[in-house]
Amino acid sequence: MHTLTECPVCKGHSFEPLMICKDYTVSHETFQLVRCESCSFVATSPRPDDSELGKYYESKDYISHAPKSSSLLDQIYKISRVFTLRWKISIVKTNTFTPHENENRLLDYGCGTGDFLNAARKKGFSVSGVEPSAIARSYAEQLTHQQIYNSISQTNHEYNAITLWHVLEHVPDLNEKVEQLKERLAKNGTMFIAVPNHRSIDAQTYKSEWAGYDVPRHLWHFNRDTMTQLLKGHSLRIEKIIPMKLDAFYVSMLSEKNKNGKNTTKAMLDGFINGLKSNTASNKGEYSSLIYIIRK
């Protein structure tokens with residue numbers, strides 16, 4: 001097990017216990033969340049060693065790596081993904097500066113099974129994908145009909161757009177990875193980072209059962225302040241923050257499953273209602289998941 005000794009955001013060395021969360025997806029083990037006493041950044045610590053993390057993704061229920069998953073929640077996820085993919089492409093196209101059409105390069109880091117990458121390719125982007133999981137990488141290569149890299153070091157272009165859709169929270173070498181991505185970003189390029197927000201209403205409602213914690217796969221737990229500070233340390237600035245409102249419904253329904261041990265009609269309805277509450281205007285921008293639009 002690896003215990004955090006230095007905060008990756010502020011370099012502080014003092015942490016306080018926050019809560020104990022359970023891995024509801026694979027191992028059913030429990031893991032500690034800690035909070036930095038200096039900047040309030042939240043992390044999973046202790047966590048499995050890097051060499052052991054892969055086994056916590058080995059489940060047919062882990063949706064991003066298993067396109068054939070068939071539970072009701074998975075089906076809801078897949079239906080919503082059709083709309084979400086179009087919406088993501090629209091956000092990327094609107095916020096990406098491309099001086100010449102043939103320079104419309106996009107890197108999707110942590111591309112999973114390749115759905116977004118394939119959609120971006122169909123919309124005219126010259127795409128590259130990086131995916132550490134061999135299983136997911138194989139699916140992505142079949143879908144996109146091109147090589148998917150297993151490491152960012154294999155890429156050799158600058159990109160107008162770099163996307164990380166619910167990926168940064170999984171990355172063990174957080175600062176090293178942000179710096180590597182920054183190096184691949186073109187001068188006027190845009191980075192899009194989507195992560196869960198542990199200050200959201202649904203996170204406060206479900207507490208340790210909130211699906212957005214997803215321990216131990218989620219190593220880092222962000223809010224707007226800690227994300228801003230992390231990026232500032234790499235001379236990157238947040239230009240805009242966009243809520244992912246559909247995430248509130250899916251995450252709340254999954255949290256109900258965590259809470260009750262199974263999906264019932266009542267649990268699904270309660271999850272939907274809590275998703276609505278999380279998306280209310282009174283939440284002061286604290287949505288379940290946020291997309292950070294970032295420039296140098």
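I begin with a term: strands are DSSP runs of type E with at least two residues, numbered from the N terminus, and two of them pair if DSSP finds at least two bridges between them. Please keep in mind that this is a predicted model.

With that term in place, consider the hairpin formed by E2 and E3. Five residues lie between the two strands, and in the turn Ser40 has a positive phi of about 70°. The pairing of E2 with E3 is antiparallel and runs over three bridges. Within that pairing, Arg35 stands opposite Val42 in E3.

In general, the strands of a sheet pair through backbone hydrogen bonds, in a parallel or an antiparallel manner.

E1 and E2 are antiparallel and share seven bridges; Cys21, for instance, has Phe31 in E2 as its bridge partner. At the other end of the order, strand E3, residues 42-44, is joined to E8 by two bridges, and these strands also run antiparallel. There, Ala43 stands opposite Trp220 in E8.

I turn now to the charged side chains. How many salt bridges does the structure hold? The number is 11. One of them joins the side chains of Arg35 and Glu16, at 3.0 Å from N to O. Arg35 lies in strand E2, residues 30-36, and Glu16 lies in strand E1, so this pair ties together parts that are 19 residues apart in sequence. Is Arg35 buried, exposed or partly exposed, and what is its relative accessibility? At 29% relative accessibility, Arg35 counts as partly exposed. Glu16 likewise counts as partly exposed, at 29% relative accessibility.

A further salt bridge is that of Asp173 with Lys177, at 3.5 Å from N to O. Asp173 is partly exposed, with a relative accessible area of 24%. Why is Lys177 classed as buried? Buried means under 20% relative accessible area, and Lys177 is buried because its value is 10%.

Arg237 and Glu239 also form a salt bridge, in which the closest N and O atoms are 3.7 Å apart. Arg237 is partly exposed, with a relative accessible area of 43%, and Glu239 is partly exposed at 36%.

In helix H3, residues 134-144, the residues Ala136, Arg137, Ala140 and Thr144 are buried. Seen down the axis of H3, these buried residues fall within an arc of 100°, so they line one face of the helix. What do the buried residues of H3 pack against? They pack against helix H2, residues 115-122. The face of H3 turned away from this buried side carries the exposed residues Ile135 and Gln142. After H3 comes His145, whose phi is positive, near 60°.

Helix H6, residues 224-232, has the buried residues Thr226, Met227, Leu230 and Leu231. They cover an arc of only 130° around the axis, which puts them on the same side of H6. Their packing involves several elements: helix H4, residues 174-184; strand E7, residues 185-196; strand E9, residues 237-243; and strand E10, residues 289-295.

Which residues make the nonpolar surface patch of about 340 Å²? The patch is made by Leu269, Phe272, Ile273 and Leu276. Of these, Ile273 has its place in helix H8, residues 265-278. Ile273 is partly exposed, with a relative accessible area of 36%.

Thank you for your attention.

Conventions. Residues numbered from 1 in each chain as written. Predicted model: local features only at pLDDT ≥ 70, side-chain atom pairs only at ≥ 80, totals over all residues. Heavy atoms only, no water. Helix = DSSP H or I, 4+ residues; strand = E, 2+ residues; numbered from the N terminus. Patch = residues over 30% accessible without salt bridge, like charges linked within 9 Å, V, L, I, M, F, W, Y side chains within 5 Å. Areas by Shrake-Rupley, 256 points an atom, 1.4 Å probe, with all protein chains shown as cover. Salt bridge = Lys/Arg side-chain N within 4 Å of Asp/Glu carboxyl O. Buried < 20%, exposed > 50% of the residue type's maximum accessible area, 1.4 Å probe, protein only. Arc of directions from axis to C-beta. Contact = heavy atoms within 4.5 Å.
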